[in-house]
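Please look through the structure below. Keep the sequence at hand as you read.

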Amino acid sequence: YQRRVHGILFEKMSMIQQKCDDMLFQMTQEMGKGCEGLMDAVFGFLSRRTDFFYVMEPGGRMGFPPNVAENMVFHFFKRYQENHFKRFPLDPKIEEKWEKFHKEQQELKKKQEEEKKAEAEKPKEVPSSIPKTEATLPVEKEEKSEPKEEAADKKEKKPEENPKPVDEKFKRISTYNGDVLDRYTWGQGVWDVTVQVALPKGTKPKMLDVNMTSTNISIKIKGEEEPLIEGEFFDKIKVEDSFWSVEDYNYLMLNLEKARECIWGTVLKGDREIDTKRVDNAKRLDEFDLETQGHLQKVLFEQNRKLRGLPTTEEQKKIDLMDKLKKMEGSPFYEAPKEFKPSVPEKKKPAPAPEQVDFDQLFLRDELP
């Protein structure tokens, strides 16, 4: 029974690990930069959606006491590093190899610098075949340098002659559950809103004045009176979890975290609203709380077992309990083990021999009167 329970738990954990590996591998590909991009995404999530980086006050409930979060990261790092070294033992001479490599690189760099310095100090010799006249040398250099400058100008102008136009629809963000307005483009999820505001070409972040509260926002270019956008949000936001950035010096991106789970009709009150009844308000699994995620994962696990023709977890428990009761003496369901009796095949009876006929007696009977 324990082996069967451990087998079920191991199968469930394997499925969860495989699902997490697939999700993290896809995230790594989308983020780019390999492990660095993945770590950036994970710690960014911990910063935006959890209290991982909060330092807990004495008697508080949010965050962790000082140095606990750092020790937690280091603990898991050492744990999986040790598991890795068990599979792939560390070369004891690896540090010596790296020290030798760094010394060789430093010596090579020093040698290259000395060679460059020696070449710079070496006097340049003029070939004897060229006459050393002040009139001819500069003229030849000028005549040779002019065509090079003209060729360089032509190379620089080539890309500008036929620039490839970029379709405007590829410059806009996704308007999923959102809209395209004159001043901005926006989209939303159940918990967040993304806004894209067009900026004058070449605008840098330090040139903007962005003031954002839980209910209002104002975005201006420093030195100008008229704001790019200004108004009251459709609903409250979490200012500490919201941020803005500038992309390609042409667009300002706003990432707003909603204060509660809801669907917005627009970003700023007074702007054109969408029909919230037609909005797709489906949520991703990771957007639910941990208790709901566990319940949904259990439902998905049971559905997967049914599709494979296996009993559900509750049905399997009943089957295991019934098997246990059948083996317990004194139980009303007890079934004694049957003795093994090998079956012996029965011998087939031989077919009856055909009756023999005496032809001499038969002929004698025919001669009697």
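This is a predicted model: local features need pLDDT of at least 70, side-chain atom pairs count only at pLDDT 80 or more; totals for chains, interfaces and linings use all residues.

Residues are numbered from 1 along each chain as its sequence is written, and side-chain values use heavy atoms, with hydrogens and water left out.

Start with the salt bridges. A salt bridge here is a side-chain nitrogen of Lys or Arg within 4 Å of a carboxyl oxygen of Asp or Glu. By this rule the count is six. One of them joins Arg49 and Glu257, with the closest N and O atoms 3.4 Å apart. This pair links distant parts of the chain: Arg49 is in helix H2 (residues 35–49) and Glu257 is in strand E8, 208 residues apart. Helices (H or I, at least four residues) and strands (E, at least two) are DSSP runs, numbered from the N terminus.

How covered are these two side chains? Arg49 is partly exposed, because its relative accessible area is 37%. Glu257 has 10%, so it counts as buried.

A second bridge joins Arg183 and Asp271, at 3.1 Å from N to O. It too links distant parts of the chain: Arg183 sits in the loop between strand E1 (179–180) and strand E2 (184–188), and Asp271 in the loop between E8 and H6, 88 residues apart. Arg183 is partly exposed at 36%. Asp271 is buried at 18%.

Lys269 lies in the loop between E8 and H6 and Glu232 in strand E6 (residues 229–232), so the pair ties together parts that are 37 residues apart in sequence. Lys269 is partly exposed at 48%, and Glu232 is partly exposed at 36%.

Which residues form a negative surface patch? They are Glu113, Glu114, Glu115 and Glu119. Patches use residues with over 30% relative accessible area and no salt bridge; like charges are joined within 9 Å, and nonpolar side chains (Val, Leu, Ile, Met, Phe, Trp, Tyr) within 5 Å. Asp and Glu count as negative, Lys and Arg as positive, while His and the chain ends are not counted. Glu115 belongs to helix H4 (residues 94–121). Its relative accessible area is 44%, so Glu115 is partly exposed.

Most residues other than glycine have a negative phi. Asp248 has a positive phi of about 55° although it is not a glycine. Tyr249 also has a positive phi of about 55°. Asp248 lies in the loop between strand E7 (243–247) and strand E8 (251–257), and Tyr249 lies in the loop between E7 and E8. Asp248 is exposed at 63%, whereas Tyr249 is partly exposed at 46%.

What about the cysteines? A disulfide is a pair of cysteine sulfur atoms within 2.5 Å. A search of the whole structure finds zero disulfides. Cys35 is exposed at 64%, and Cys262 is buried at 13%.

Finish with Gln297, in helix H6 (residues 290–307). Gln297 is partly exposed at 34%. Gln297 and Ile16 are 281 residues apart in sequence and 9.1 Å apart in space, C-alpha to C-alpha.

Key: Accessible areas come from the Shrake-Rupley method with a 1.4 Å probe; for residues, only the protein chains shown count as cover. The place of a charge is taken as NZ of Lys, CZ of Arg, CG of Asp or CD of Glu. Buried means under 20% relative accessible area, exposed over 50%, partly exposed in between (1.4 Å probe, protein chains only).
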